[in-house]
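The sequence and coordinates follow.

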Amino acid sequence: MPNSSAKNTQDNPIPQHVAIIMDGNGRWAKERGLPRIDGHRQGAKQIHQIIEAANEFGIKFLTLYAFSSENWNRPKEEVEALMSLLSSAIRENKKNFIENEIRFRTIGDVSALPKSCVNDIVSLESATKRFDKRTLVLALNYGSRDELVRAVSKITHLALDGKINPNKIAWKNIAENLDTAGIPDPDLLIRTSGEMRLSNYLMLQAAYSELYFTKTYWPDFGRDDFAKAVAEYQRRERRYGLTGDQLK
Ligand code: IPE
Ligand code: IPE
Ligand code: MG
């Protein structure tokens with residue numbers, strides 16, 4: 001549906017939170033006889049268009065998977081190139097975030113990233129923390145299992161300090177110790193490039209997310225593809241364990 005715009009109606013609400021697995025940069029480059037890093041460069045450029053589209057559609061939270069806790073195992077040159085692309089993308093987009101009043105947040109263990117990246121991240125986070133209408137979340141050195149391990153460690157310390165009763169732990173206590181504390185669960189989770197797996201992404205938060213897979217590689221995924229995914233989401237019936245009749 002070219003040039004369609006995602007519309008918010010009472011029956012078909014716009015997703016409040018969309019999470020995307022930006023996959024396929026390497027294959028995009030390979031098909032063109034280019035080095036993988038050119039695919040990452042093109043993929044990084046694409047992010048701007050998708051953030052603009054999210055604003056246009058009225059999506060409040062957009063979470064992008066940029067680097068997984070497993071991506072460290074890629075060739076050293078590729079990891080280094082990704083880190084340097086990350087730093088420049090953050091620096092180049094700073095003005096944009098401030099002008100458009102978008103809050104920038106990260107999930108994942110950012111402390112393990114190179115110092116210069118950490119500085120760029122902290123600087124953008126603090127420059128945008130007063131904005132509360134739209135949030136862009138970047139998942140960096142993120143993996144659901146790693147996030148859960150860190151949450152369990154925090155909760156264990158709270159219990160040892162007598163701040164939480166181990167016999168009364170509820171989902172709320174776990175949720176508020178995940179990296180996504182304060183961020184609503186994703187309504188829609190999109191993965192590009194044709195792979196149909198979660199790859200350790202938001203596994204607890206996506207318990208009731210609508211999943212959308214497209215064969216399009218991330219560097220080719222544009223505004224109209226995004227609008228198509230949102231329209232498909234709007235046609236889904238979210239049942240949360242109820243019967244279809246109960247929802248009527
Ligand atoms: C996604 O593209 C970007 C990152 C994981 C950083 P890939 O690099 O995974 O691209 P493919 O899957 O090899 O095509
Ligand atoms: C997931 O993609 C991570 C990101 C998009 C950042 P991968 O390409 O790393 O996932 P797998 O290896 O195909 O599962
Ligand atoms: Mg991949």
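At 1% relative accessibility, tryptophan 218 counts as buried; the term buried denotes under 20% relative accessible area, exposed over 50% and partly exposed in between, for a 1.4 Å probe and protein chains only. Phenylalanine 221 is likewise buried, with a relative accessible area of 1%. The model is predicted: local features need pLDDT of at least 70 and side-chain atom pairs pLDDT 80 or more, whereas totals for chains, interfaces and linings use all residues. Residues are numbered from 1 along each chain as its sequence is written, chains are lettered from A and ligands numbered from 1 in the order written, and side-chain values use heavy atoms, without hydrogens and water.

Nine aromatic pairs occur in the structure. Rings of Phe, Tyr and Trp (its six-membered ring) pair if their centres lie within 6.5 Å; planes under 30 degrees apart are stacked, over 60 edge-to-face and the rest tilted. Two of the pairs are tabulated.

| Pair | Centre distance | Plane angle | Class |
|---|---|---|---|
| Tyrosine 65 and tyrosine 142 | 6.1 Å | 80° | edge-to-face |
| Tryptophan 218 and phenylalanine 221 | 5.6 Å | 20° | stacked |

Tyrosine 65 belongs to strand E2 and tyrosine 142 to strand E4, so their pair ties together parts 77 residues apart in sequence; strands (E, at least two residues) and helices (H or I, at least four) are DSSP runs, numbered from the N terminus. Both tyrosine 65 and tyrosine 142 are buried. Phe57, Trp218, Phe221 and Phe226 form one aromatic cluster.

In helix H4 (residues 115-128), the buried residues include Cys117, Ile121 and Leu124.

Conventions. The expected span of a helix is 1.5 Å times one less than its number of residues.
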